Amino acid sequence: MSATRQLNQGLRIFFGEFVRVSLRRPRQALFFARTVLWQGSAARRRARTARDGIHVPPIAIFSITNRCNLRCKGCYSQAIHRDSSDELSPDRLRSLVQEADDLGISFFVIAGGEPLVRPEIVEITRDFPHIVFLLITNGLLLDQPLIDRLMTQRNTVPVLSIEGSQEQTDDRRGEGVHDRLRKRMAQLKEAGIFFSLSLTVTRQNFATVTDRAFLQSAVDAGCRLFFHVEYTPIREGTDEWVITDAQRGEMKELVAGFRRSFNSLFIAVPWDEEEQGGCLASGRGFVHISASGDLEPCPFAPYSDANVRTAPLREALQSRFLAAMRQNHALFAETDGGCALWRNREAVEALLGRKTG
Ligand code: SF4
């Protein structure tokens with residue numbers, strides 16, 4: 001089966017699972033059931049564009065700002081992006097989503113910085129009800145009026161970032177952040193909103209974020225989707241945060257166990273990419289659009305030869321650099337060591353034609 005067909009099937013199964021874990025909320029389950037159908041029509045649009053020689057991935061990660069209301073230790077976004085003055089306009093954000101929809105991109109991850117420093121994004125996601133938007137947020141700007149809005153926007157799924165225990169979360173994110181996050185989770189559950197937690201897995205919090213009691217308390221709090229994302233040491237001086245080989249070796253079996261026993265979905269990155277032939281960046285599964293409009297392989301690989309500030313997305317997707325990255329996928333295929341692009345960034349820079357060292 002081709003990588004494209006395998007990924008399309010993977011997305012249908014993924015959203016089918018959303019239906020399974022939402023059955024206690026029939027309207028939510030019905031929405032996700034329709035999403036499975038929309039994935040099919042989006043895949044057909046991608047196939048049509050492919051016949052014109054343009055490769056369109058099903059997923060776009062869109063970092064709409066570099067600004068943030070927090071200063072978390074080890075933040076990759078602040079390590080890479082220091083300038084927040086050249087963000088795309090709200091009109092360009094909206095027209096980009098429209099262009100992506102026309103091309104068949106059917107799943108968006110909205111990131112930052114903190115995306116809710118640009119609340120206009122929720123207006124935009126409302127107008128594309130057939131596209132699922134994961135909103136990666138630190139949760140602190142997710143106030144009650146916004147939660148009330150999201151009750152009617154089932155396609156916009158809040159993904160709250162938490163580091164584990166109160167101590168672990170507050171140590172990395174700031175005093176009091178953990179308790180405020182727990183309050184947000186209670187408000188989201190009360191509102192009947194499908195929400196998710198993003199857990200950055202480090203050597204220090206590994207035991208907590210893989211602990212069944214910790215996960216059960218999050219499931220009881222209403223979380224229906226967990227992302228375990230291996231920490232990538234982009235911030236200088238954080239190498240000792242990286243998980244050990246032993247921890248990395250345990251993860252796959254642990255996640256398989258969580259899937260068998262919890263009424264929630266579990267995504268583990270980069271472990272799950274193995275089933276799709278390795279790293280899904282550079283358009284194999286997703287592309288990244290930076291806050292200034294650069295089309296990049298991944299948020300962890302800030303390299304680009306195409307920008308969508310003025311150029312249409314269809315044109316930017318014909319990037320020679322991204323095509324070269326896909327053609328040289330073998331350089332980035334193995335995943336047993338965190339982010340393959342970050343670890344092989346010299347090879348990435350070479351493909352971009354940038355002299356290293
Ligand atoms: S909330 Fe996210 S973007 Fe903001 S500082 Fe923390 S890790 Fe960085």
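Predicted model: local features only at pLDDT ≥ 70, side-chain atom pairs only at ≥ 80, totals over all residues.

Me: Which residues line the largest cavity?

Reply: Rolling a probe the size of a water molecule over the atoms shows where empty space is left. Here the largest cavity is lined by Cys 279, Ala 281, Ser 282, Arg 284, Met 325, Arg 326, His 329, Phe 332 and Leu 341. Its volume, meaning the space filled by probe spheres set on the points, is about 60 Å³.

Me: And what lines the second largest cavity?

Reply: That one has a volume of about 40 Å³, and its lining is Ala 3, Gln 6, Leu 7, Gln 276, Leu 280 and Arg 284.

Me: On to packing, then. Which residues touch the most other members of the largest nonpolar core?

Reply: In soluble globular proteins, nonpolar side chains tend to be buried together. A nonpolar core is a set of buried Ala, Val, Leu, Ile, Met, Phe, Trp, Tyr and Cys residues joined through side-chain atoms within 4.5 Å, with buried meaning under 20% relative accessible area (1.4 Å probe, protein chains only). In this model the largest core has 109 residues, and Phe 108 and Leu 341 touch the most other members. Helix α1 (residues 3–21; helices are DSSP runs of H or I, at least four residues) gives the most to this core, with 7 residues.

Me: Which way do the residues of β2 point?

Reply: In a regular strand the side chains alternate between the two faces of the sheet. From β2, a strand (a DSSP run of E, at least two residues) covering residues 107–111, Phe 107, Val 109 and Ala 111 point one way and Phe 108 and Ile 110 the other, all of them buried.

Me: What does β2 pair with?

Reply: Strands pair if DSSP finds at least two bridges between them. Strand β1 (residues 59–63) runs parallel to β2 through 5 bridges, with Phe 62 opposite Ile 110. Another 4 bridges join β2 to β3 (residues 132–137), again parallel, and there Ile 110 stands opposite Leu 135.

Definitions and conventions:
Residues numbered from 1 in each chain as written. Heavy atoms only, no water. 1 Å grid on protein atoms, 1.4 Å probe; cavity = no way out; pocket = protein on both sides within 12 Å on 5 of 7 lines; lining within 4 Å. Buried < 20%, exposed > 50% of the residue type's maximum accessible area, 1.4 Å probe, protein only.
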